[in-house]
Amino acid sequence: MPCSRGAAHPNRVTSLRLFASSAGYCQNPNCLDPLFVETGTAAVHIAEMAHLIAAIDGGPRTDPALSDEARGSFDNLILLCANCHTIIDKAPDDFPVPMLQEWKHVHRKRIELAFGLRLYADRAGARTAVEPLLRQNLHVFQELGPDNDYRYNPESELASVWRRKMLSVILPNNRKLLAIADANRGHLSADELGTIEAFRQHVDDLEAKHVTESTDPASRFPLAFNTLFS
Amino acid sequence: MTIATWVAERLKEAKDVEDIDVLAGNVIRVSRLKYPPFLAGIVSAPRVERETIQSLVEGKHEIEIIANIPKDSFLTGNALNLARGHEIAAGGFGDLLRVLTRPDVRSFVPAETAFIERGLGQHRRVARFRQLHDRLYQIYLRNDDQSDVVAVMLNEYELTAEHIRAARDRYGPFAIVVKTNPNGHPTKAAFEVAGQLSADVLTWGEFLSHLNSL
């Protein structure tokens, strides 16, 4: 259940991203209860999207200067079980915004560690991690991407193969690439840090297009990302 | 550098090409590794009218294909009819690359056109159709009214409002926008603009179903 029913309610993409970032567990590091529970005859979720800064003026950790859009943004939300949500909102002074931000950060780090993401000793090490993923994505794009000639056949079955590979190969690889890049930022130049941000937006746009079927235009893959850590 | 010279330089890089000779008047001879050579007429115009290609089509060279080089150009119905009447294929630079591996260049039809016309030709409600311009079709229906509908075929991956408006500027009115690209979706704004222009936006499959209801 969302925290607010008002204008600061997160949109569908933000909700999806929040659930994905929780990996299905309460983001309170002292709780970590699973948010999806099988009761025997049903599967229920107890996840609640809680606002760091209140959705409504006067609410927990209020800031009247914050826009509605910012209140409903991913950065202002945390996914908690019902108990933790209730507790942090009933005693907001004990759970200030920086603490909740740290909870999200720690939660993300736990997930990255679970995937075996690591800080590499040097650029060459990070490059060995990203190169296979880039190569795999490039191969799928070259063989099945929308620039191929099958685009002239309105009935081509390759379009559905492309969609499947996008969901099963490219999007998951993109998330791994972003995680490796973020974990190894210390090895990157200022230009490369900019490239990561362009790639992050590209990843976000692609997920909106292919997961939530947004019809908004998507930014193109930043070609400089191909040589990251080279 | 003339446009024919530019095309010749690009084509020489293709693996199926033995040599390219630039002849007078924007005609090139393409010598191929596997098939006999052919002559191509090269033009460069945003809008190709009958007059644009007349001298090439009716000139002394036996050209087999006319290629218009600018990417977002269009071939008017008059130009297409002139080429067709002389059994000369017509297309863009990409089509010139495609015919390199075809034994019969004259009979080449761009893939998208071929799919569209086969689909229309096989549809039980379509009595006949006419290609008004490269992407604009007038479709005559088998019904009591013997009515017709004008549809524009757009291959954009992300079909936007701007694409719809540009098509309207280029082709004039149409009742249906058909998205022929099997990937991507029209944007919300594309649907809104089409509605303002009294046109529906349909995928190819939706279009074929729609013809059944007319």
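The model is a predicted one.

Next select B:Glu112 and B:Arg135, whose side chains meet in a salt bridge (2.8 Å, N to O). B:Glu112 belongs to helix H5 (residues 111-122) of chain B and B:Arg135 to the loop between strand E8 (126-133) and strand E9 (136-141), so the bridge ties together parts 23 residues apart in sequence. Is B:Glu112 buried or exposed? B:Glu112 is buried, at a relative accessible area of 5%, whereas B:Arg135 is partly exposed at 24%.

Now select A:Asp149, A:Arg151, B:Asp95 and B:Arg98 together; salt bridges that share partners join these four into one network. Over all chains the salt bridges come to 22.

## Where the chains meet

Show both chains. The contact involves 18 residues of chain A and 17 residues of chain B. Between them the chains bury about 1,600 Å², with 53% of it on carbon and sulfur atoms. Which residues of chain A lose the most area to chain B? They are A:Tyr152, A:Pro154 and A:Thr215, together 40% of what that side buries.

Between chain A and chain B there are two salt bridges. For a salt bridge across this contact, select A:Lys209 and B:Glu158, whose side chains meet at 2.8 Å, N to O. Eight residue pairs are in polar contact between the two chains. On the chain A side, helix H6 (158-183) and helix H7 (190-210) each supply at least two of the residues that touch chain B. The largest share, three residues, comes from H6(A). By type, that side of chain A divides into eight nonpolar, four polar and six charged residues.

## The nonpolar cores

Select B:Leu11, B:Ile28, B:Phe38, B:Ile42, B:Ile65 and B:Leu96. These have the most contacts inside the largest nonpolar core, which has 22 residues. Among the elements giving two or more residues to this core are strand E1 (17-23), strand E2 (27-32) and helix H4 (93-98) of chain B. H1(B) gives the most, with four residues.

Zoom to B:Ile65. Beyond its neighbours within four places in sequence, B:Ile65 is in contact with residues including B:Phe38, B:Ile88, B:Leu96, B:Val105 and B:Phe108. A second, separate core has 20 residues, including A:Ala47, A:Ala50, A:Leu52 and A:Cys84.

Then move to B:Leu56, in helix H2 (residues 50-57) of chain B. B:Leu56 counts as buried because its relative accessibility is 9%.

## Chain A as a whole

Finish with chain A in cartoon view. Its secondary structure comes to seven helices and four strands, running α-β-β-β-α-β-α-α-α-α-α from the N terminus on. Buried residues make up 41% of its 230 residues.

One last pair is A:Arg220 and A:Asp147, whose side chains meet in a salt bridge (3.9 Å, N to O). This pair links distant parts of the chain: A:Arg220 is in the segment after H7, and A:Asp147 in the loop between helix H5 (123-144) and H6, 73 residues apart. A:Arg220 is exposed, at 65% relative accessibility, while A:Asp147 is partly exposed at 45%.

Note on methods:
Residues numbered from 1 in each chain as written. Chains lettered and ligands numbered in written order. Predicted model: local features only at pLDDT ≥ 70, side-chain atom pairs only at ≥ 80, totals over all residues. Heavy atoms only, no water. Contact = heavy atoms within 4.5 Å. Buried area = accessible area lost by both parts, 1.4 Å probe. Polar contact = N/O pair within 3.5 Å; in protein donor to acceptor, adjacent residues only side chain to side chain. Nonpolar A, V, L, I, M, F, W, Y, C, P; charged D, E, K, R; others polar. Core = buried A, V, L, I, M, F, W, Y, C linked by side-chain atoms within 4.5 Å. Buried < 20%, exposed > 50% of the residue type's maximum accessible area, 1.4 Å probe, protein only.
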